[in-house]
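Let's take a short tour of a few spots in this model. Have the sequence and the 3D view ready.

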Amino acid sequence: MKRVREHLPIILTGLVVGVLSILLVQWGNPANMGFCIACFLRDIAGALGMHRAEAVQYIRPEIIGLVLGSMVMAMVNKEFKVRGGSSPVTRFILGGFMMVGALMFLGCPVRMVIRLGGGDLNAAFGLAGFALGIFVGTMFLKKGFTLKKSYSQTKAEGLAIGVVNVGLLVLVVTAPAFLFFSKEGPGSMHAPVIVSLLAGLVVGALAQKTRFCMAGGIRDAIMLKDFHLLTGFVALLAAILVGNLIVGGFGLGQGLKVGFEGQPIAHTDGLWNALGMVLVGFTAVLLGGCPMRQLVLSGSGNSDSTVTVLGMVTGAAICHNFGLASSGAGPTGAGKIAVAVGLVVVTVIGLVNTKKV
């Protein structure tokens, strides 16, 4: 009974994220994209004019809510501790390549589970790749990988990400003409601003409180035989699966072939779905958390994670400006090269920052 109580908060977080993901789709978000950190950061980059892919441009209030919700929760719990200075350039590069992998797969780890729970069997290749990337990353951790020590910084450094997100919210509400918004495609599909913001606030607060992390769950299971965080992963999948069955959003109803073909904002190239998520899992372990965790940490005062988020936003812009991002038609040749280069670069970063044994 004690063990159940210990796992209950992280399980409830997974269930809440899953339920909100289903509801956000019902309220307007793209199918199988109730909550996707990579997709939403890409949309924000487009809305700010950092890329010109007109189908994916929108300021996603869910991201604003995530950061502000985690910031408020950290302050309430007296866990808002501003630290940074741990290999910032390296973290920026890792964040960029994390986005390269996510946009090859067309989703972050949260969306990977959402896609699985929606009957998209292409995401199973992504899950296998994600687990493999995390496994490789743990090999480096066991050998002493580190991005060096972080240091206490001024409160302004920790609050900056919150101020930026408040500024984005003000722009969305008062001056949307200054932004680029999609008129068609995924960027044009969104829940009402207030609903999206509230959902982000709830998820941000819960994720900060429970340390919810997709990569962390698999990492801890491999390295420590600790399945606490993994229970949140499983709860998210269960909530999405049950929710889709209730609302009729499960896409496997017509047979196995449908589970692969015709899935929303997805492609059927299993190899590159897997390799994209290998890159995401590998970078997540070296960075100390998945894309959602990086946003939550940034809201909690970690300026290293803020640098990582900036790297992800820049990576999204690069992917769409140079044709690296996949589409429903499949991966691009340039995208495949970028993922291969990313795997090499991240491996080199791992080796350079690993203690000699």
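## Leucine 245 in helix 10

Leucine 245 sits in helix 10, residues 228-247 (helices are DSSP runs of H or I, at least four residues, and strands are E runs of at least two, numbered from the N terminus). Leucine 245 is exposed, as its relative accessible area is 54%; exposed means over 50%, buried under 20% and partly exposed in between, using a 1.4 Å probe and protein chains only. Go 17 residues along the chain and you get to glycine 262, with 18 Å between the two C-alpha atoms.

## About the model

This is a predicted model, where local features need pLDDT of at least 70 and side-chain atom pairs count only at pLDDT 80 or more, while totals for chains, interfaces and linings use all residues. Residues are numbered from 1 along each chain as its sequence is written, and side-chain values use heavy atoms, leaving out hydrogens and water.

## Threonine 283 in helix 12

Is threonine 283 buried or exposed? It's buried, because its relative accessible area is 0%. You'll find threonine 283 in helix 12, residues 270-287.

A polar atom of the threonine 283 side chain lies 2.9 Å from the backbone oxygen of leucine 279. Setting aside neighbours within four places in sequence, threonine 283 is in contact with Leu94, Met98 and Val346 (contact means heavy atoms within 4.5 Å).

## Where helix 5 meets helix 6

On the helix 5 side, Pro109, Met112, Arg115 and Leu116 meet residues of helix 6, including Asn122, Leu127 and Phe130.

How values were computed:
Polar contact = N/O pair within 3.5 Å; in protein donor to acceptor, adjacent residues only side chain to side chain.
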